[in-house]
Amino acid sequence: MPDSPLSIAISTSSNPLSGLGRFAGALDARSVAAVILALMFGFWLIYTLVATYHLVRYGHRSWLTVPAIGIHLFVSLSLALFAVSGLA
C-alpha cells in the first residue's frame with residue numbers, strides 16, 4: 001500500500017532539511033556551521049578558563065603550570081585556525 005502511514009513516514013528526500021517545512025529555506029549551511037563553531041568556541045573558552053584557574057590555583061608550585069597552559073592554548077588555537085582555514 002503506497003498510501004500507508006509507514007510509507008509516508010519513510011519517504012526519502014534528497015534534501016535532509018525538507019522535513020523542516022518553511023524553515024528549510026532559511027537555513028544555510030554556512031550559518032549552521034557558524035553557529036556550531038561559535039558554540040564550540042564558547043565551550044573551549046569556558047574549558048580553558050576553568051583549566052587555567054585550576055592550574056594556577058592548585059598547581060602554583062609546579063614548574064609545569066605555565067608551559068601546560070601555553071601548550072594548551074597553542075595547540076587548541078592552531079587546530080581551530082586549521083579547521084576554519086578551509087584546508088581541513
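To read these views, start with one idea: a helix axis is a line fitted to C-alpha atoms over the stretch in contact, and the angle between two axes runs from 0 to 180 degrees between N-to-C directions.

**View 1. Helices α2 and α3 pack against each other in this predicted model.** Their axes lie 10 Å apart and meet at an angle of about 175°. Angles over 145 degrees count as roughly antiparallel, and α2 and α3 are therefore roughly antiparallel to each other. From α2, the contact is made by Leu37, Trp44, Tyr47, Thr48, Thr52, Leu55 and Val56. From α3, the partners are Thr65, Ala68, Ile69, His72, Leu73, Ser76, Leu77 and Val84.

View 2. Two elements, α2 (29–58) and α3 (65–84), each give two or more residues to the patch. Helix α2 gives the most, with four residues.

View 3. You can find Leu37 in helix α2. Is Leu37 buried, partly exposed or exposed? With a relative accessible area of 40%, Leu37 is partly exposed, because that class lies between the 20% and 50% cut-offs.

**View 4. The whole chain gives the setting for the close-ups.** Along the sequence the pattern is α-α-α, with three helices and zero strands. Of the 88 residues, 9% count as buried. The chain exposes about 7700 Å², and carbon and sulfur atoms supply 74% of that area.

Notes. Residues numbered from 1 in each chain as written. Predicted model: local features only at pLDDT ≥ 70, side-chain atom pairs only at ≥ 80, totals over all residues. Heavy atoms only, no water. Buried < 20%, exposed > 50% of the residue type's maximum accessible area, 1.4 Å probe, protein only. Areas by Shrake-Rupley, 256 points an atom, 1.4 Å probe, with all protein chains shown as cover. Parallel < 35°, antiparallel > 145°, perpendicular 65-115°, else oblique. Contact = heavy atoms within 4.5 Å.
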